[in-house]
Amino acid sequence: EERLTTGSPAGGGGWLDSWLSLLLSKELPLPCVLRLWDAYFSAPPEGSLQELHTFVCLAVLETCQDELLELDGDEELPQYLQHLPAMDMG
């Protein structure tokens, strides 16, 4: 947990900014991005896209939790967070 909140490269730097500003378009494989963005565009207008995307990011971290905890925080963790595996976006 601390590895994701400290000032280390895994601590938010590039991957977090990219996740939030580019809506995971660089990190996920294209089929996952298309499915995710389809859900974003079809979301009710009264909802907040930022709020929905925040929950999606948290769900990605929760889904990958076991793999993330096994990685070396200084090298492997940022690389993994910048190149996520394909996920079931259904």
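**Exercise 1. Which share of the contacts between residues at least 6 apart in sequence joins residues at least 24 apart?**

Solution. Start with the term: a contact means heavy atoms within 4.5 Å. Among contacts in the protein between residues at least 6 apart in sequence, 56% join residues at least 24 apart.

A word on the model. It is predicted: local features need pLDDT of at least 70, side-chain atom pairs count only at pLDDT 80 or more, and totals for chains, interfaces and linings use all residues. Residues are numbered from 1 along each chain as its sequence is written, and side-chain values use heavy atoms, with hydrogens and water left out.

**Exercise 2. Describe the secondary structure and the surface of the protein.**

Solution. Step one: count the elements. Helices (H or I, at least four residues) and strands (E, at least two) are DSSP runs, numbered from the N terminus. The protein has 5 helices and 0 strands. From the N terminus on, the order is α-α-α-α-α.

Accessible areas come from the Shrake-Rupley method with a 1.4 Å probe; for residues, only the protein chains shown count as cover. The accessible surface comes to about 6,000 Å². Carbon and sulfur atoms hold 57% of this surface.

Step three: look at burial. Buried means under 20% relative accessible area, exposed over 50%, and partly exposed in between (1.4 Å probe, protein chains only). Of the 90 residues, 30% are buried.

**Exercise 3. Which residues of the largest nonpolar core touch the most other members?**

Solution. A nonpolar core is a set of buried Ala, Val, Leu, Ile, Met, Phe, Trp, Tyr and Cys residues joined through side-chain atoms within 4.5 Å. The largest one has 20 residues, and Trp19, Leu24, Leu28, Val60 and Leu84 touch the most other members. Two or more residues each come from α1 (13-21), α2 (30-42), α3 (49-63) and α5 (76-82). The most come from α2, with 4 residues.

Now zoom in on Val60. Leave out residues up to four places away in sequence. Val60 then touches Trp19, Leu24, Leu84 and Met87. In soluble globular proteins, nonpolar side chains tend to be buried together.

**Exercise 4. Where do the buried residues of α2 lie around the helix?**

Solution. Check the length before the faces. The expected span of a helix is 1.5 Å times one less than its number of residues. For the 13 residues of α2 this gives 18 Å, and the end C-alpha atoms are 18 Å apart, which agrees.

Next, list the buried residues: Cys32, Val33, Leu36 and Tyr40. Seen down the axis of α2, they fall within an arc of 95°, so they line one face of the helix. The arc is that of the directions from the helix axis to the C-beta atoms. These buried residues pack against α3. The face turned away carries the exposed residues Leu30, Pro31, Leu34, Phe41 and Ser42.

**Exercise 5. Examine Leu23, Leu24 and Ser25 in the loop between α1 and α2.**

Solution. Begin with phi. Most residues other than glycine have a negative phi. Leu23 has a positive phi of about 55°, and Leu24 has a positive phi of about 65°.

Then compare accessibility. Leu24 is buried because its relative accessible area is 0%. Ser25 counts as partly exposed, at 31% relative accessibility.

Finally, follow Ser25. Its side chain reaches the backbone oxygen of Leu22 at 2.9 Å. Neighbours within four places in sequence aside, Ser25 is in contact with Val33 and Trp37. Ser25 and Leu36 are 11 residues apart in sequence and 9.4 Å apart in space, C-alpha to C-alpha.

Definitions and conventions:
Polar contact = N/O pair within 3.5 Å; in protein donor to acceptor, adjacent residues only side chain to side chain.
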